[in-house]
Amino acid sequence: MAILEVRNCTKRFGGLVAVKNLNMSLDPGDLYGLIGPNGAGKTTIFNLLTGVYRPTSGGLSFQDRSLVGLPPWRIARAGVARTFQNIRIFKDLTVLDNVRIGGGARLSYGARRAMIETAIAAEEKELRDRALSLLAIFGLDKRRDELAKNLPYGSQRRLEIARALASRPSLLLLDEPAAGLNTAEAIALMQQILKIRTEFHLAVLLIEHNMEVVMGICERILVLNYGKTIAEGPPAAIQKDPGVIAAYLGQSAVEAEDGGAP
């Protein structure tokens, strides 16, 4: 059974069609790539899935529940977590507190429960223990008491992923996680994404411009151009698709492969 279903989803901003008739389905455990040139509509899709935008038409459902009209905090509590193209961490808080805050997205303090100090203390301990465990996975546990702004860029990227995982999601949306990383860091990130997908039983939807990362770990890839889907399938098929080659390299590249045919 699919964990995420997107059916004929369109998002318009006035006369601009940012996403047109998008269809996409993810099963539990999928590692799915979303690629396309700049301005293709990729981040708009993430914003639709997380309640930042509401679709102009079409449907979005997560675990058989419609996401249309739900605020971002409700979607996060339902089990959808994301990172951002531009890193969004709490730079003046410690590394540990950044992850603890991420875990707080799934807590539900009621009026009666708030009176039971023992229950609160136990939950806070669980939150801290989970945060420390996640930091260890990403090699950040020894820096847990440092301010997040003092971490190197690549470590800040890993911190943002750890914070997203703290909310115990079933679906993780990664928006260009390899952006700004060198080759060694990108390869290490690939291995970490594969590890957390398996360890936490996640479906992962990945936006990425680094083709080595996308082709190296994604099992299926959807390609967008000007908001339209131009290809969908396994990496080997996507690499050979003429429409994808044209979108990335220009029509001349396709003509060259065809021997100059008009």
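Tutor: Start with a term. A nonpolar core is a set of buried Ala, Val, Leu, Ile, Met, Phe, Trp, Tyr and Cys residues joined through side-chain atoms within 4.5 Å. The model is predicted. Its largest nonpolar core has 43 residues. Those with the most contacts inside this core are Val99, Phe138, Leu159, Leu165, Leu172, Ile193 and Ile217.

Take Leu165. Leaving out residues up to four places away in sequence, Leu165 touches Arg130, Leu134, Phe138, Leu172, Ile196, Phe200 and Leu202. Another core lies apart from the largest one. That other core has 28 residues, among them Leu22, Phe46, Leu48 and Leu67.

Now the helix pair. Two packed helices are described by the angle between their axes and the distance between the axes. Helix H5 spans residues 153-165, and helix H6 spans residues 183-199. They pack at an angle of about 10°, with their axes 11 Å apart. Angles under 35 degrees count as roughly parallel, so H5 is roughly parallel to H6. H5 makes the contact with Gly154, Arg158, Ile161 and Leu165. H6 brings Glu185, Leu189, Gln192 and Ile196. By class, that is four nonpolar, two polar and two charged residues.

Finally, the setting. The protein chain holds ten helices and ten strands. Of its 262 residues, 47% are buried. Among contacts between residues at least 6 apart in sequence, 66% join residues at least 24 apart. The chain exposes about 12600 Å², and carbon and sulfur atoms supply 52% of that area.

Note on methods: Residues are numbered from 1 along each chain as its sequence is written. This is a predicted model: local features need pLDDT of at least 70, side-chain atom pairs count only at pLDDT 80 or more; totals for chains, interfaces and linings use all residues. Side-chain values use heavy atoms; hydrogens and water are left out. Helices (H or I, at least four residues) and strands (E, at least two) are DSSP runs, numbered from the N terminus. Buried means under 20% relative accessible area, exposed over 50%, partly exposed in between (1.4 Å probe, protein chains only). Contact means heavy atoms within 4.5 Å. Accessible areas come from the Shrake-Rupley method with a 1.4 Å probe; for residues, only the protein chains shown count as cover. Axes are lines fitted to C-alpha atoms, for helices over the stretch in contact, and angles run from 0 to 180 degrees between N-to-C directions. Angles under 35 degrees count as roughly parallel, over 145 as roughly antiparallel, 65 to 115 as roughly perpendicular and the rest as oblique. Ala, Val, Leu, Ile, Met, Phe, Trp, Tyr, Cys and Pro count as nonpolar, Asp, Glu, Lys and Arg as charged, and the others, Gly among them, as polar.
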